[in-house]
Structure formats: C-alpha cells, structure tokens
Amino acid sequence: MTLHQWQRIAWTYHIAFAAAVTWPVQALVNTPDPFVLGLPRQMAWAAFWVLGSLFVLWRLDAARARSDDA
Amino acid sequence: MDQSTLITLIIFAYLAVTLGVGVVAGRRASRSVQGFVAGDRDFGLLVMYFITGATVFSAFAFLGGPGWAYSRGAAAFYILTYGVLGMAPWYAMGPKAAALGRRFGFVTQAQLLVGRFPSRTLSAVMAVLTLAAFVPYVTIQMRGAGIVIEAVTDGAVPLAAGAALAYGIVLLYVLTSGVSAVGWTNTFQGVFMVGIAWALGIYLPNRLYGGVGPMFEQILANHPELLSLPGLDGAGEPWSWGAYSTAILASAIGLTMWPHLFMKAYTARSDATIRRTVILFPTFQLFLIPVFLIGFAGVMFPESPEQSDFILPFLILRSDLPALVVGLFCAGALSASMSTGDALLHGAASVAVQDGVQPFTRLTDRAQRLLMRVLVVAVGAAAYLFALVERFSLVDLLLASYGIIAQFMPSLLSAMYWKRATTAGVVWGLVAGSAVSVFFFRFPELKPFGMHEGILGLVVHIPVLLVVSLLGEAQDPDHVDRYVNV
C-alpha cells in the first residue's frame, strides 16, 4: 500500500479508537467477563486499541521510508 | 541495619545518582538560550522516547492511577486510553513544528503561534495560561514525592520535608544543566519507573490473591460496581458517561498541546526521531496496566489508607516485602514525580521568559538564562506552597490543568494548517474558550451532562475563532505560506 493509503488508515484508525473508548460504543463493551489474560474485558479492549496504534503507526512509517527511498 | 535505615539509604543513593546524571548531562550543551531550552536540537531516539514517556507519566499516573483504580474502579481506564490518542497527532504535527523551529529559531510553543499571528498580547496570554496550568501540575508532582517519602518513612519525614528534599535535587540539576538534565535524568528515571511498575503490578496480585484473574474474580463478586464503566465519581456515586468520555477527549487534546511536551519537538535531532518516538509511545502507555493492577489489589485488602492516593505505598508497606524492594519502589515513585516535575519547572521558566518577558523587553542571551533560573526557583516555590494544602486529589488537579491547555489546540492547528485564520480570531477564541473553561471549573454543577470544562471551552472557542477570522481581513499570503506550506 502507498504512503497516502497508510496515512488515511492511520487517521481512520485513531478516530475509530476515540469512538471505541467513549460513549456510546464503549457502553456496548461494558461487561468485565469474559476476562482476557486475567484482565476485565473493558481494560483489555483499551489495551487492544493502544497496541493497534503501535502497529498502524509502524506500518505508516515503513510506507514513508519506502516512499522516501523511491 | 534496620529496615527504615536501608530504605532511607536507597532513596539517598537514588537521589545522588539522579543529581549526578543531571549535572553531567549539561556539560555537552552550549551555554546559550538554545542550549538551555532546546538542548541544541540534538536529542536522539533513546532520550526522546524516555523524555516523552517519563514526562507524560508522572506522580499522577504512579500514585493517582492506582488511587483511582482503588477508589473509582473502571473510571481509571480513561487514563489508559487518552495518552496514545493525544500522542498520535504528533506523528504529523511534530516534524512540522520542528521544521518551523529550525526555520525561525523558535524554542517555545507560543513563539510559533505569535510568529504566525503577531501579537504581544497573544504571547502574554499564552505565558499566563501556561503558568496557570503548570503550577497545579508541578504541585501534583511535589505532593506525589512527599506522599511517598512520608509513607515509607512511616511519617518520620513529613510530606513537606520529603517534597522539599526531592525538589531541591530537581532545582539543582535543572538550574545547572537545563533541558539536557531533564532529558538524561528522564531516561534514567523512565527505566526505573517502568521496571518497578511491571514488577509490582505482577507481584502484588499474585501474592495477595494468587494471580490477576483470581483478583478480578473476587472484585467482581464483592464490588461489581468497580468493574463497570464509567466507574465511580469522587464521592463513590456512579460517574456519568459524559464526564468519562469528555475526560478522555480533553486529556488527549491537552496532552497534544502541553507546552513542555510541544517544546520537545524543538529538541529532536531529526524528524525521524520525532516520528519514531510517537510510534514507540504505546509501549510506554501500557505501563499503566500494572499500575492499575496495584490499585485494584487494594480493593479487597482488609485495611484502607486515609486517602486513596496513598494506596500504592500503603500496600507496599503491608506486604512484608524486603527493605530493598520497598526502597526501590520508593525510588520508582520519586522517578515518576521528578521526571515530570523537572520538565515542568524548566518549561514554565522558559515560557515565562521567552513569551512573557522577551516580547516586551529585549534581554541579552545571558540575562535570559539568568532570569529563567530565577523563575525555575520561583515557580518551584509557588507550587511547593500549594503542595502543602490538601484540598484536591492528584487526578482532579490534573484534569483542571488539562481544561486550560486544551484551549491551545485550535490556535496551534490554525497556525500550522489554516490559511484563513487571523490574529484577532485566535486571540478572541483563546480568551473565550479559556473563560468558559474556567467558569465551568468554578461552577461544576452547571456543566451539561457532566462534560469536561475543557471540551465545553472548545465548544465556544472554535466557533469564535472561525467567525472572527472569516469576518476579518486575511493575512498576507506570503507570510501564511511560510507557516502552512512547510
């Protein structure tokens, strides 16, 4: 994928992240069980989005590096 | 050697190493304003990673985070989410701010804003608002240091003396070495606090409940209200979704705009360094998970501390841990406090001189550095006085600061990205948004849906900025291009 596509993915991902951890979406993910790795589901949900950010920004940076080399 | 003596020795050893690192760090930096404030724009990835992480995660995270998990349950999860949301925009904004800094010689946030929107009033307003937000934030850090030292010495060293000791060290290395000291001490302190948090976060639930899962099962069976969002408010009543959601948004925006973090864009060696710092930031953010586990470990504990912010040292001292571990924990908590406090003191003095004084009276480079050092001491003294007054919890103080800082967002985005913005629009938007934010902080019962005052301020701020700008005369296109098309 191109740098431009990864830029759009990164923006979309972080807007979705903000929506996922606030009302009303977070209200749909609001029971502690089933636990995930021993953690309440809402806490694991937040951690999942945090880790996803790492992946998306890493891929965006890789696309930027390819674009700069080209 | 008895336990308290060993703990005290570890604390002193930690403080001595921190002071040594801070003083030595300044030897490489030039003796100029750029060296004192921006580290000669030469920080690499390692220092940028830790200066960002350790500056963001403070006594508020290390003590306030467990305090919230313990007393307000799932409400604490908002702290886990907003950091990455606040840092991600820096992937795009950071390199642009750094490029403008290199082009025009900026070392503070307000210099960028006033460069695009020339106004000495705007510069002074930014300086006043920054100081108004920084003092409570430094206060949090000092109280955090004092709380830890008072708790582990069982009251032998009171909060006032503990805070004075820790921040006496901070003053010494900031005065000596400026931002270079902040960078390298934060690297040392960041390693410490993250290591201690993970070790304790895994150890305490295992020791007290047999594991993380069993701990949450017990909490769910006995206190299910703590594991349901949006958690509880400070009085133990259910928190509102409006307050929870807007706390995330206001804190994320505030984090993006904190002047002491914004200024670090000017310290980076390259744009790639800034981008990689942002990419790696979530790895630092996850250290809040063990911090929360420590707080939740206190829920089913048979005894309770006087204040929820004390839950972490309270548990440590009642878990029959070896003195070495207690001492290291104390050093980790002091790291969290001091690594943020030093950046704030340095940032406050830099902003006050560069944005509050320099636009009105031209000072020599030497006079600026001298005045910054005087103000580091003055801001530290003011925060110390506030730290002795126990009126607010650590997190409440921080949330109030974020409300003010969030008002910088529309102005700075306009400076870098909106060609049609005008000086009048930015000034009036900032004044209106800040006034609304302060009003709702003062009268919280009037907030609609319990929304954060910073978000309510932005609801007024953005339309004022748009309308006043569009009604006024556009800026010179050549001037605008130098800022927007970088």
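Start in chain B, where domain 1 and domain 2 meet: 26 residues of domain 1 are in contact with 19 residues of domain 2. Keep in mind as you click around that this is a predicted model.

Helix H6 (90-104), helix H7 (109-116), H8 and H12 of chain B each give two or more residues to the side that touches domain 2. Which of the elements gives the largest share of that side? Select H12(B), which brings 10 residues. Colour this side of domain 1 of chain B by class and you'll get 16 nonpolar, eight polar and two charged residues.

Next stop, the core. The largest nonpolar core has 193 residues, and the members touching the most others are Ala145(B), Cys330(B) and Ala348(B). Select helix H8 (residues 120-152) of chain B too: with 18 residues, H8 supplies the largest share of this core.

Zoom in on Ala145(B). Beyond its neighbours within four places in sequence, Ala145(B) is in contact with several residues, including Ala59(B), Gly162(B), Ala163(B) and Tyr167(B).

Time to bring in chain A. The contact between the chains takes 26 residues from chain A and 28 from chain B. On the chain B side, helix H5 (77-87), helix H11 (212-222), helix H12 (241-257) and helix H14 (271-285) each supply at least two residues. H14(B) gives the largest share of that side, six residues. By class, the chain B side has 20 nonpolar residues, seven polar and one charged.

Finally, zoom out to all of chain B. Switch to a cartoon view and you'll find 23 helices and zero strands. Along the principal axes, the C-alpha atoms of chain B fill a box of roughly 70 × 50 × 40 Å. A compact globule of 486 residues would have a radius of gyration near 23 Å, and the 22 Å of chain B agrees with that. Buried residues make up 60% of chain B.

How values were computed. Residues are numbered from 1 along each chain as its sequence is written. Chains are lettered from A and ligands numbered from 1 in the order in which they are written. This is a predicted model: local features need pLDDT of at least 70, side-chain atom pairs count only at pLDDT 80 or more; totals for chains, interfaces and linings use all residues. A nonpolar core is a set of buried Ala, Val, Leu, Ile, Met, Phe, Trp, Tyr and Cys residues joined through C-beta atoms within 7 Å. A residue is buried if 20 or more other C-beta atoms lie within 10 Å of its own, exposed if 12 or fewer, and partly exposed in between; C-beta atoms are placed from the backbone. Helices (H or I, at least four residues) and strands (E, at least two) are DSSP runs, numbered from the N terminus. Two residues are in contact if their C-beta atoms, placed from the backbone, lie within 7 Å. Ala, Val, Leu, Ile, Met, Phe, Trp, Tyr, Cys and Pro count as nonpolar, Asp, Glu, Lys and Arg as charged, and the others, Gly among them, as polar. The radius of gyration is taken over C-alpha atoms; the globule rule is 2.2 Å times the number of residues to the power 0.38.
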